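Student: Could you walk me through this one while I have the sequence and the structure open?

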Amino acid sequence: LHHYRGAAAEVPMALIGRIPVEINQIEVVKVTNVDVTPNTPASVKKFMNGSADVVKGIADFGFSLKCQVEADKQSILDQIDAAVAGSPDGTFELSYKLGTNYWTLLKCVVTTAPVSSSTDDATLTITGIAASRIKNA
């Protein structure tokens, strides 16, 4: 446990470690890092009378999964391919748990999947976008 030192008292904080990830409700192994970034389009509108306002649109979500490279095959890519093949619109769902919240990204597509290698390890980083995100019960 790590402790947050506030003005009133010391409060223990539990660290969770690995974030569980699923593709179409099937657990994914070998994921070492998950990043999800909401992208909300917004712009400032300025009017002739000197006033201004902000207009915002509907967010889409960028995601990135860093994975360990397996020696014989990349099972996460196989899972994504199977999910896409079984989908009428060619997308998949990506779910993750963060603390007590369980989120699902809907209508996901992969945009890049480069492999990098060093003397210490090799990683596969899968990036993509999703049309929306829902919070599950």
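This is a predicted model: local features need pLDDT of at least 70, side-chain atom pairs count only at pLDDT 80 or more; totals for chains, interfaces and linings use all residues.

Student: Okay, helix first. Which residues of H1 are buried?

Tutor: In H1 the buried residues are Ser75, Ile76, Gln79, Ile80 and Ala83. They lie on the same side of H1, because the arc they cover around the axis is only 145 degrees.

Student: And which exposed residues does the face turned away from the buried side carry?

Tutor: That face of H1 carries Asp81, Ala82 and Ala85, which are exposed. As background, an α-helix has 3.6 residues a turn, so residues three or four places apart point the same way.

Student: Switching to strands, how many residues of E6 are buried?

Tutor: The number is zero out of the five residues in strand E6, residues 42-46, so the strand lies largely in the open.

Student: What does E6 pair with, then?

Tutor: E6 is joined by five bridges to strand E7, residues 52-56, and the two run antiparallel. Within that pairing, valine 44 stands opposite valine 54 of E7.

Student: What about the turn, how many residues sit between E6 and E7?

Tutor: There are five residues between the two strands of this hairpin, and glycine 50 in the turn has a positive phi of about 95 degrees.

Student: New topic: how many salt bridges does a search of the whole structure find?

Tutor: The search finds one salt bridge, and in it the side chains of aspartate 89 and lysine 107 meet at 2.5 Å, N to O. Aspartate 89 lies in the loop between helix H1 (75-85) and strand E9 (92-98), whereas lysine 107 belongs to strand E10 (residues 101-112), so the pair ties together parts that are 18 residues apart in sequence.

Student: How accessible are the two partners?

Tutor: Aspartate 89 is partly exposed, with a relative accessible area of 39%, and lysine 107 is also partly exposed, its relative accessible area being 46%.

Student: Last one, where is isoleucine 129, and what does it touch?

Tutor: Isoleucine 129 is found in strand E12, residues 122-136, and it counts as partly exposed at 43% relative accessibility. Leaving aside residues up to four places away in sequence, isoleucine 129 touches Phe61, Gly62, Phe63, Lys107, Cys108, Val109 and Thr111.

Student: How far is its C-alpha from that of cysteine 108?

Tutor: The C-alpha atoms of isoleucine 129 and cysteine 108 are separated by 5.6 Å, although the two residues are 21 residues apart along the chain.

Notes
Residues are numbered from 1 along each chain as its sequence is written. Side-chain values use heavy atoms; hydrogens and water are left out. Buried means under 20% relative accessible area, exposed over 50%, partly exposed in between (1.4 Å probe, protein chains only). Helices (H or I, at least four residues) and strands (E, at least two) are DSSP runs, numbered from the N terminus. Two strands pair if DSSP finds at least two bridges between them. A salt bridge is a side-chain nitrogen of Lys or Arg within 4 Å of a carboxyl oxygen of Asp or Glu. Contact means heavy atoms within 4.5 Å. The arc is that of the directions from the helix axis to the C-beta atoms.
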